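Here are a few notes to read alongside the model.

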Amino acid sequence: MRHTLSILALLAALTGPTLAQDWLAPLQNFAREISPQRTTPKPAPKAEAPAAVPVDEDEAGTPADEAPPPIPRPRPEGLGEEAEPVPVPDVAPEAVEPPAPVETRDEEPAAPPKPADDRVYQTACPALLSGRVVGKMLPPIAEGMCGERSPLLLEGINANGRTIPLSSPVTTNCEMAGGLAEWTADVDAYAKAAMESPIAELTTGTSYMCRARVGGDEGFTSEHGFANAIDLVGFTLENGESVSVKNDWLPATAPEGKLLRQSHGAACGIFTTVLGPEANADHEDHLHLDLGCHGQTCTAQICE
């Protein structure tokens, strides 16, 4: 086809423009009909350049790749100019499930605790546990400056294989009960040897009594106020004879006088305080026995 057109072009040049047009027009139409249809792709439209963004004079020196500053959020109500903006979380917090309702029921209020029994804090008495004495524990005594945590109601003494009762029970502490048991055993053995009759009963006087000391410095509480003292008035022997401090202390050479002095001497080896008729007139009718503390180490003794 290209050769045909070339020939026609050459012929047009030789014959002149008029003849060429008469021959060339039909041939061109024929050539178009027999030539394959070709489609020429249209060129893609060019993208228009973005319009230039006006730049403020203050931002003229800012590089194009830098992000613009964030837009400040409005301040919460009630904050001053100096308050920092409150950050708003981008993600909503997870929902928290409310606690399950607690079932309530009407319950009776708990009863108040019962007051502790003071006897819980008492101490046991070895002399009572071993059977050296006959008696029973008493509730604590509290009477002003006087008192005893673990008093004992003493009713008798077990000595030398038998029970020697007291003429009247006495209230004392455990230490005095044990000392009295030891002292009674010594006196009973002496009475059996010297008087040919053991002791059948102890004649007792004052035991616990809240009072001041007799015949001593004023303001001091007697050992009787602490259940730490016992007064002995005398003895009753198994042969029926009665021996008393008031009536038989003198003469000293009589068997009764010797028994009482032996009792006084034996007490000085067991108790810390022993007072008799020779101490003062207040003790002319009894022997006072106690375990009061004398001296800085509580080892001094008074024996009069």
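Helices (H or I, at least four residues) and strands (E, at least two) are DSSP runs, numbered from the N terminus. This is a predicted model, in which local features need pLDDT of at least 70, side-chain atom pairs count only at pLDDT 80 or more, and totals for chains, interfaces and linings use all residues. Residues are numbered from 1 along each chain as its sequence is written, and side-chain values use heavy atoms, with hydrogens and water left out.

1. Let's begin with a loop residue. His-224 sits in the loop between β6 and β7. His-224 counts as buried because its relative accessibility is 1%; buried means under 20% relative accessible area, exposed over 50%, partly exposed in between (1.4 Å probe, protein chains only). Setting aside residues up to four places away in sequence, His-224 touches Thr-206, Ser-207, Tyr-208, Met-209, Arg-211, Ala-229, Ile-230, Asp-231 and His-288, where contact means heavy atoms within 4.5 Å.

2. Next, helix α4. This helix covers residues 174–194, 21 residues in all, and its first and last C-alpha atoms are 30 Å apart, close to the 30 Å expected at 1.5 Å a residue. That expected span is 1.5 Å times one less than the number of residues. After α4 comes Glu-196, with a positive phi near 55°.

3. Which residues does Gly-178 touch, beyond those up to four places away in sequence? They are Ala-127 and Arg-132. Gly-178 belongs to α4 and counts as buried because its relative accessibility is 13%. Arg-132 is 46 residues from Gly-178 in sequence, yet their C-alpha atoms are 7.5 Å apart.

4. Now the core. A nonpolar core is a set of buried Ala, Val, Leu, Ile, Met, Phe, Trp, Tyr and Cys residues joined through side-chain atoms within 4.5 Å. The largest one has 38 residues, and Ile-157, Trp-183, Leu-202 and Phe-235 touch the most other members. At least two core residues come from each of β4, β5, α4, β6, β7, α6 and β10. With eight residues, α4 gives the most.

5. Trp-183 deserves a look of its own. Leaving out neighbours within four places in sequence, Trp-183 is in contact with Leu-202, Leu-232, Phe-235, Ser-263, Ala-266, Ala-267, Ile-270 and Phe-271.
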